[in-house]
Amino acid sequence: MEKPTLKEFVKTNNSVLGEQFAQIIVALQSTAVIVNSKLARNGLIAEQGSSGDKNVYGEDVQKLDEYANELFTQAFLSCNCVYSVGSEELAQPKLSGHDGIYSITHDPLDGSSNIDTNLPIGTIFAVYPKSETLLQKGSTITASGYVLYGPSLMLIYATKGSVNGFTYDPKFGDFILSHPNIAIGSKKIYSINEGYWELFHENDQNYLSSIKKEGSYSLRYVGSMVGDVHRTLLKGGIFLYPSDKKHPEGKLRLLYEAAPLGFLIIQSGGSAISNGTNPLDIIPAKHDQRVPIILGSKDEVEKYLGFFKPQ
Ligand code: AHG
Ligand code: MN
Ligand code: MN
């Protein structure tokens, strides 16, 4: 049997989420293709380097961050099933003006420090039932996932209990189901910016020293959360961005990074933890809230918890 396209898959498998959800996936996939074709010419385009602006986190905004933010935000807002859209690059969410049934959060370009070196980057998204506020627990997420701009263009998304991956085939101009029913892998790989060793809390240092002593772990760190989480999903292991002496709250954003990818990893059979609790149980106090995040296979997160101390 032929592999279904993303649109066919959504129609068959997500019918309970309605035609509205299919509309969001269509907006997402067509915007991903446009952003991907812009990124394919990276190095030749005008949208290169820093925009000169800082975002709400005080980080340098790249011109491509702005470009992707504009495209994804507008694509979601133009869906009449979407009520509101929040983005890592927006200080406040935008209302679509439609009486939609969904709210969306996104990180339009994740891993932007990798843009200049042609390394994998991504887009992260989460779809929530419509609410007056985006400050909702991740456990209310309807679907979440990411686009990976790598050697091939991929779109992976999770709904309750199911994670599926699609690869863009430029020959057909469509996303095709390439990774059905993904269950998190079981390889021993740890992924953390170990350059911060001196900043790490003692319990994290103890954990890392202990797994290194086992002699069976590989270290992989792309520096794009999407890339690192994608590898963790397919191969297994653990991804960590804990709090440390320089990042007392952690670095990654609850609404735009930790909750969407935490939800996805949990649906694949893995675990996620933030300061000892399930990140999906945290009610964000503000849109730009950062949290420590550790996610991966159940065994690996369990092992990490053996060393955990609340900070
Ligand atoms: P963004 O490009 O959206 O700001 O996110 C960057 C994040 C994330 O992708 C990655 O895991 C992390 O920053 C890397 O941070 P370090 O450079 O501190 O390791
Ligand atoms: Mn990011
Ligand atoms: Mn970003």
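In this predicted model, Gln23 lies in helix H2 (residues 18–40); helices (H or I, at least four residues) and strands (E, at least two) are DSSP runs numbered from the N terminus. Gln23 has a relative accessibility of 24% and so counts as partly exposed, where buried means under 20% relative accessible area, exposed over 50% and partly exposed in between (1.4 Å probe, protein chains only). Apart from neighbours within four places in sequence, Gln23 is in contact (heavy atoms within 4.5 Å) with Cys79, Asn80 and Cys81. The C-alpha atoms of Gln23 and Cys79 are 6.8 Å apart, although 56 residues separate the two in sequence.

Residues are numbered from 1 along each chain as its sequence is written, with chains lettered from A and ligands numbered from 1 in the order in which they are written. Local features need pLDDT of at least 70 and side-chain atom pairs count only at pLDDT 80 or more, while totals for chains, interfaces and linings use all residues; side-chain values use heavy atoms, with hydrogens and water left out.

His106 is found in strand E5 and is buried, with a relative accessible area of 0%. Beyond neighbours within four places in sequence, the contacts of His106 include Asn69, Phe72, Thr73 and Phe76, as well as Ile124, Phe125 and Tyr256.

Strand E5 also takes part in the largest pocket, giving three residues to its lining, the most of any element. This pocket holds about 490 Å³ of space. Of its 26 lining residues, Gly111, Ser112, Ser113, Lys251 and Arg253 are the closest to the centre. Two or more lining residues come from each of strand E2 (60–62), strand E5 (102–110), helix H5 (225–235) and strand E13 (238–241). The lining has seven nonpolar, eight polar and 11 charged residues; Ala, Val, Leu, Ile, Met, Phe, Trp, Tyr, Cys and Pro count as nonpolar, Asp, Glu, Lys and Arg as charged, and the others, Gly among them, as polar.

One cavity of 30 Å³ or more is found in the whole structure. The largest cavity contains about 90 Å³ of space, and of its 15 lining residues Ser243, Asn275, Pro292, Tyr304 and Phe308 are the closest to the centre. Six of the lining residues are nonpolar, seven polar and two charged. On a 1 Å grid over the protein atoms alone, a cavity is a set of points where a 1.4 Å probe fits but cannot get out, and a pocket is an open set with protein on both sides within 12 Å along at least five of seven lines; lining residues have an atom within 4 Å of a point. Points are joined across faces, edges and corners, and a volume is the space filled by probe spheres set on them.

Asn275 is placed in the loop between strand E14 (271–273) and strand E15 (293–296). The phi of Asn275 is positive, about 50 degrees, although the residue is not a glycine, and at 38% relative accessibility Asn275 counts as partly exposed.

Helix H4 (residues 202–214) packs against helix H7 (residues 298–305) at about 125 degrees, with the axes 9 Å apart. H4 is therefore oblique to H7. Axes are lines fitted to C-alpha atoms, for helices over the stretch in contact, and angles run from 0 to 180 degrees between N-to-C directions; those under 35 degrees count as roughly parallel, over 145 as roughly antiparallel, 65 to 115 as roughly perpendicular and the rest as oblique. Asn203, Asp204, Tyr207, Ile211 and Glu214 in H4 meet Glu300, Lys303 and Tyr304 in H7.
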